[in-house]
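Colleague: Let's go through this model together. I will ask what each label rests on.

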Amino acid sequence: MKVKKLVRKEIQGLPFYDAESIFPERLDEEIVKLDLNENLIVSSDIVEKLLLKACQGVDARRYPPPHGATAVQAISKFFGFDESTIFVGNGSDEVLDLLMKTFVGKQTRVLVVEPTFPLYSYFIQLYGGEETPVMLRPDFGLDVDAILEKSGKEPSLLIVCSPNNPTANQFAKSDLKKVVREFNGLVVVDEAYADFAKYSTVDWTRETDNLIVLRTFSKAFGLAGIRLGFAVSNQSVIEYLKRVAHPFHVNIITQRVVALALQNLDYFKQQIDYIIGEREWLRNALVKIDGVIPYPSDANFILFKITKKGLSSSAVKEKLRSKNVFVKKKEYAPLLKNCMRVTVGTRNMNETFVSALKEVLEG
Ligand SMILES: Cc1ncc(COP(=O)(O)O)c(C=O)c1O
């Protein structure tokens, strides 16, 4: 039997979404893993303690609270939002998937501010939608006029990542506000990195009915492995998302860990401050290296361009890899030519990365 014949057309042409990383059981001193924007500043002991506490008294014979109710309650208390305005999923990846499943069908037009997180295009393709890319300005700013021009007569969907992955900048508040106000359709703002930035649009969801904000516990809280992301929007959007989601999709341990993490908010806030400090240290160190241009960052990573003649970002990536230093190559758009992305790590990791990069550039 030819399986391919039975596969949906959209999926036949779908690229394999490869995390392209290494996954050792435990990270030791040897491996400097700065490729997936994980938060390795948060203490693994503290995270383990939260997990153990979350497991206490769990009766796993039973289904978890439906629609992640325990996590929703904790998040709603934290933000002061009504529970009916919050939707949780297994990472913002799943929330994005369910959002697309809800709003994108064959030929739905979806505007995406590019270059950005490739998962948006992947889901649009998966559900048969039509992506209309709107490029960033050369300074990585939002091209408000181009977005509104392409907004069209029929309501559509717009996805904006702010701070943007991989450019790392958060868009000017006034630009984003204008876009949300004037766009003809739903605006999704992916704020996976907003905890490291200047502002959040979450509160804007109280005043408008066309905004969906995505947040995650993977970055600021260092809980990528437990998988919890959430959307904040108006009640109507959240109700549709719940129709599409399976009621028990978020497991009980994850729900409890999130509630416990929010009870320990001060600890996580301190780690965010540390990351912001390290980000500046790392950027200053990169500025001093000949053959590299780092861009400003509002996130827990930095985008930098390799400018040394004859040296490609692919070669740099491979050479760093051979020194057990893992970063990402990010040159999938003209604006990102010869660019790479490095996650902010501990001072030790950052120093190892900087000296390895210097060796590669000098070699
Ligand atoms: C912009 C952006 N959105 C969403 C995600 C996925 O986050 P999560 O771990 O919550 O699925 C990532 C992960 O790197 C990201 O960079």
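Colleague: What is the strand order in the open sheet, and what kind of pairing does it have?

Modeller: This is a predicted model. Its open sheet holds seven strands, ordered E2-E8-E7-E6-E5-E3-E4, and the pairing is mixed.

Colleague: What makes E2 and E4 the edge strands?

Modeller: Each of them pairs on one side only. Pairing takes at least two bridges between two strands. From one strand to the next, the twist averages 20 degrees.

Colleague: How do you know that E2 and E8 count as paired?

Modeller: The cut-off is at least two bridges. E2 and E8 (residues 229-232) have four, in the antiparallel sense. Ile86, for one, has Val232 in E8 as its bridge partner.

Colleague: Which helices lie on the sheet there?

Modeller: H4 (residues 69-79) lies across E2, E7 and E8, at about 130 degrees to E2. H8 (residues 173-182) also packs on the sheet and touches E5, E6 and E7. The direction of H8 makes about 150 degrees with that of E6.

Colleague: What is the sense of the pairing between E3 and E4, and how many bridges join them?

Modeller: They run parallel, joined by six bridges. Val112 has Pro133 as its bridge partner in E4.

Colleague: Which residues of H6 are buried?

Modeller: In H6 (residues 119-126) they are Leu119, Tyr120, Phe123, Ile124 and Leu126.

Colleague: Why do you say that they line one face?

Modeller: Down the axis of H6, they fall within an arc of 160 degrees, so they share one face of the helix. They pack against H2, H5, E3, E4, E5 and E6. Just after H6, Gly128 has a positive phi of about 80 degrees.

Colleague: Thr205 sits in the loop between E6 and E7. Why is Thr205 called buried?

Modeller: Buried means under 20% relative accessible area. Thr205 has 6%, so the term applies. Beyond its neighbours within four places in sequence, Thr205 contacts Phe81, Leu211, Val213, Val232 and Ser233.

Colleague: What makes the approach of Thr205 to Val202 a polar contact?

Modeller: The limit is 3.5 Å between N or O atoms. A polar atom of the Thr205 side chain lies 2.6 Å from the backbone oxygen of Val202. That distance is within the limit.

Note on methods:
Residues numbered from 1 in each chain as written. Predicted model: local features only at pLDDT ≥ 70, side-chain atom pairs only at ≥ 80, totals over all residues. Heavy atoms only, no water. Buried < 20%, exposed > 50% of the residue type's maximum accessible area, 1.4 Å probe, protein only. Helix = DSSP H or I, 4+ residues; strand = E, 2+ residues; numbered from the N terminus. Arc of directions from axis to C-beta. Contact = heavy atoms within 4.5 Å. Axes fitted to C-alpha atoms, helices over the stretch in contact; angles between N-to-C directions. Polar contact = N/O pair within 3.5 Å; in protein donor to acceptor, adjacent residues only side chain to side chain.
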